[in-house]
Amino acid sequence: MRTSTPNARSTRGRWTRLGSAVAATATTAALVLAGLGTSAAQASATPETAGKTAKVTWTATPCATPKKKGELACDSVRVTGGVTAFQKQREASAAADASTPSGYGPSDLQNAYGLTSAAASKGSGETIAIVDAYDDPNAEADLATYRSYYGLAPCTTANGCFKKVGQTGSTTALPAADSGWSQEISLDLDMAGATCPQCKILLVEAKSPTMANLGTAVNEAVKLGAKFVSNSYGGSESSSDTSYDSSYFDHPGVAITVSAGDSAYGAEYPAASQYVTSVGGTTLSTASTSRGWTESVWKTSSTEGTGSGCSAYDAKPSWQTDTGCGKRMIADVSAVADPATGVSVYDSYGVTAGWYTFGGTSVSAPIIAGVYALAGTPSSGSYPARFPYENTSALNDVTSGTNGTCPTSYFCTAGAGYDGPTGWGTPQGVSAFTG
């Protein structure tokens with residue numbers, strides 16, 4: 001797995017906050033102090049670029065850059081300026097501030113993926129686990145603000161919907177707080193709730209972002225009864241991955257989703273695990289079609305976009321039948337990840353409290369976990385990663401875009417049927433996630 005520090009353009013996790021020239025001027029100092037300000041953000045929030053055509057800019061979430069050798073990185077990015085697809089869709093100006101969401105909300109995501117009816121009637125009694133590193137002290141409060149704004153039912157410790165534990169299951173012995181991973185946690189919690197509003201949410205916090213600690217947190221999530229576990233992190237592959245598979249991810253009857261990565265073409269772990277559903281990323285925009293939406297492969301540059309690729313180590317699962325890769329192929333399915341078509345998230349720990357817009361495959365992984373939860377508890381002994389392969393007609397086939405240059409076309413280029421960047425496609429209701 002990757003242990004080196006990525007450069008600024010190749011970081012997998014980025015999130016951005018939109019704002020007008022006036023708002024950016026007023027908050028630049030605060031953002032810089034919080035580790036969020038960048039030259040790109042400052043340049044984008046000028047009078048010359050304000051308006052409906054302002055290009056969206058973003059920067060890496062702090063947790064997208066490993067602090068120590070052996071640590072994994074989160075897969076999120078934060079918008080710093082410009083006008084998102086959400087704002088263009090609603091003919092909004094670029095004058096959003098921290099009090100105004102500027103990315104897609106629950107109704108947008110549910111509509112785009114045919115989940116409106118299921119989200120209103122399904123998910124009760126199911127638990128989605130979110131696995132991340134370090135503690136977010138404001139996790140429950142920030143989730144409450146998000147759900148209240150969008151009219152979702154409260155999900156709190158008091159009503160039994162929300163629970164936060166450390167990797168050993170303790171509700172009191174929590175890891176140290178970290179503002180970078182707190183932003184990732186807010187994103188993951190909001191996306192799980194946006195997709196499956198009636199689901200319970202279990203946040204399991206690893207004491208550090210190593211595979212050993214994050215894997216221990218995955219095991220704890222399953223031990224505590226979660227049938228759906230979302231993981232928005234990854235790193236370079238290694239010869240140890242097959243042992244990690246058996247130690248942390250081989251959980252029959254549990255849907256485990258993992259971000260495919262944000263560094264464009266190239267395989268990552270644990271997305272390469274044969275036991276998980278690896279989730280790629282798309283650009284999601286409204287369209288004058290019967291669906292009302294269109295998607296393509298998310299790619300910003302040669303070093304940024306959804307991950308994909310043929311694993312160097314992990315065995316090919318029996319249900320994966322593409323012939324160009326002899327081992328595990330990434331990805332299986334996909335969902336929105338492009339920060340320019342990003343999602344709204346509320347966060348307050350270590351940053352100016354308010355609304356931010358995020359992108360990265362950290363968005364798509366918890367969305368797909370939520371879809372699995374809407375589809376119902378997986379059958380005993382099953383590997384839910386195979387479900388989409390058995391129900392390909394119930395997915396939106398993404399047929400355009402590429403995330404890089406590769407030796408075999410479908411490894412990095414979308415086309416009819418299966419391809420690496422988007423797998424079999426994006427949700428079209430819940431049928432492809434049932435089994």
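The following questions and answers concern a predicted model of one chain.

Residues are numbered from 1 along each chain as its sequence is written. Local features need pLDDT of at least 70 and side-chain atom pairs count only at pLDDT 80 or more, while totals for chains, interfaces and linings use all residues; side-chain values use heavy atoms, with hydrogens and water left out.

Q: What makes up the chain in terms of helices and strands?
A: The chain has twelve helices and 21 strands. Helices (H or I, at least four residues) and strands (E, at least two) are DSSP runs, numbered from the N terminus.

Q: Why is Ala 129 called buried?
A: Buried means under 20% relative accessible area, exposed over 50%, and partly exposed in between (1.4 Å probe, protein chains only). Ala 129 has a relative accessible area of 0%, so this residue is buried. Of the 435 residues of the chain, 62% count as buried.

Q: Where does Ala 129 lie, and which residues does Ala 129 touch?
A: Ala 129 belongs to strand 5 (residues 127–133). Not counting residues up to four places away in sequence, Ala 129 touches Leu 202, Ala 221, Ala 226, Phe 228, Val 229 and Ser 230. Contact means heavy atoms within 4.5 Å.

Q: What makes a group of residues a nonpolar core?
A: A nonpolar core is a set of buried Ala, Val, Leu, Ile, Met, Phe, Trp, Tyr and Cys residues joined through side-chain atoms within 4.5 Å. The largest such core has 57 residues, and those with the most contacts inside it are Ile 128, Leu 189, Val 343 and Phe 433. Its largest share, nine residues, comes from helix 10 (residues 361–375). A second, separate core of 36 residues includes Leu 214, Ala 221, Tyr 248 and Phe 249.

Q: Why is helix 6 called oblique to helix 7?
A: Helix 6 (residues 139–149) and helix 7 (residues 179–195) pack at an angle of about 45°, with their axes 10 Å apart. Axes are lines fitted to C-alpha atoms, for helices over the stretch in contact, and angles run from 0 to 180 degrees between N-to-C directions. Angles under 35 degrees count as roughly parallel, over 145 as roughly antiparallel, 65 to 115 as roughly perpendicular and the rest as oblique. The angle of about 45° therefore makes helix 6 oblique to helix 7.

Q: Which residues of helix 6 and helix 7 meet?
A: Ala 139, Asp 142, Leu 143, Tyr 146 and Arg 147 in helix 6 meet residues of helix 7 including Ile 185, Leu 189 and Ala 194.
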